[in-house]
Amino acid sequence: MRDQALTTTAAASLRRRGARRRAAVALTIFATLLATPASAQSITDRFKSLFGGSSEPAQSGTASGGAPASEAETELTCPEVSIRPGASTYAVGLPGKTAAGNDLRFQVTIGRTARECNLGEGMIKAKIGIQGRVIAGPAGAPGSVDVPLRVAVVQEGVQPKTIFTKLYQTKVAMAADGNEPFSLVAEDIVYPAPSAAAGDSYVFYIGFDPQGLKPEPRPKTKHK
């Protein structure tokens, strides 16, 4: 009888431990669900992740064909982000007016950048994050603003060589106070890894490129 009582007590103890363990697991899952959105990761989350990550790129990689990358042939470099001269702000005025003074509708500026690089199979895959702000001018901004940003990978030298270039756009809904932040993450930057000797001459250039915006269609005139 004593042995049977001990067995019953041990079984009850195991059940209690199992219940506590299941409760702990359930609590962990619940906390994870609270911390992670149910939908796909938003651009804001990706941007925070990029800025929150280490600024030092990984130092390992593979060359084309899966062989270890030779430092004498190729090297993982993550170029500095630089704003092109004359492309640090984007201002729009009233039609036919200079974007200044009382004729200014809005102005967009870049405030913060970040980058992340990874080397694999002889290619560098990079992400560049850009944060900025849209500020309404005295003439009043529209309800939404299209922000055109160009990202380029350039090998500087006597004759600079463009390795990669692409125009990105993000739409910003303007609030009543006319002062809205914007963020953009360019995640599809891919280019051949440069040699160790050439890596230091590479630069990530960013800047506003209003010429890339599609002009608004002209209103059709009715022929009498």
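I began with the surface: the chain exposes about 14,800 Å², and carbon and sulfur atoms supply 53% of that area. The areas come from the Shrake-Rupley method with a 1.4 Å probe, and for residues only the protein chains shown count as cover.

I noted the ground rules next. This is a predicted model, in which local features need pLDDT of at least 70 and side-chain atom pairs count only at pLDDT 80 or more, while totals for chains, interfaces and linings use all residues. Residues are numbered from 1 along each chain as its sequence is written, and side-chain values use heavy atoms, with hydrogens and water left out.

**Elements**

I looked up the secondary structure and found two helices and eight strands. From the N terminus on, the order is α-α-β-β-β-β-β-β-β-β. Helices (H or I, at least four residues) and strands (E, at least two) are DSSP runs, numbered from the N terminus.

**Sheet**

I traced an open sheet of four strands in the order β2-β3-β4-β7, with antiparallel pairing. Two strands pair if DSSP finds at least two bridges between them. β2 (89-93) and β7 (179-192) stand at the edges with a single partner strand each, so one side of each has no neighbour in the sheet. Neighbouring strands here are turned by 20° against each other on average, direction ignored. Axes are lines fitted to C-alpha atoms, for helices over the stretch in contact, and angles run from 0 to 180 degrees between N-to-C directions.

I then checked β3 (residues 104-120) against β4 (residues 123-136): they pair in the antiparallel sense over 14 bridges. G120 has its bridge partner, M123, in β4.

**Core and contacts**

Buried residues (under 20% relative accessible area; exposed is over 50%, partly exposed in between; 1.4 Å probe, protein chains only) make up 29% of the 224 residues in the chain.

I looked up the largest nonpolar core, which has 34 residues. V134, V147, F182 and I189 touch the most other members. β3, β4, β5 (144-155), β6 (161-173), β7 and β8 each give two or more residues to this core. Such a core is a set of buried Ala, Val, Leu, Ile, Met, Phe, Trp, Tyr and Cys residues joined through side-chain atoms within 4.5 Å.

Leaving aside neighbours within four places in sequence, I189 is in contact (heavy atoms within 4.5 Å) with I124, K125, A126, I128, V151, V153, F164 and Y168.

I finished with D209, in the segment after β8 (202-208). D209 is buried, at a relative accessible area of 16%.
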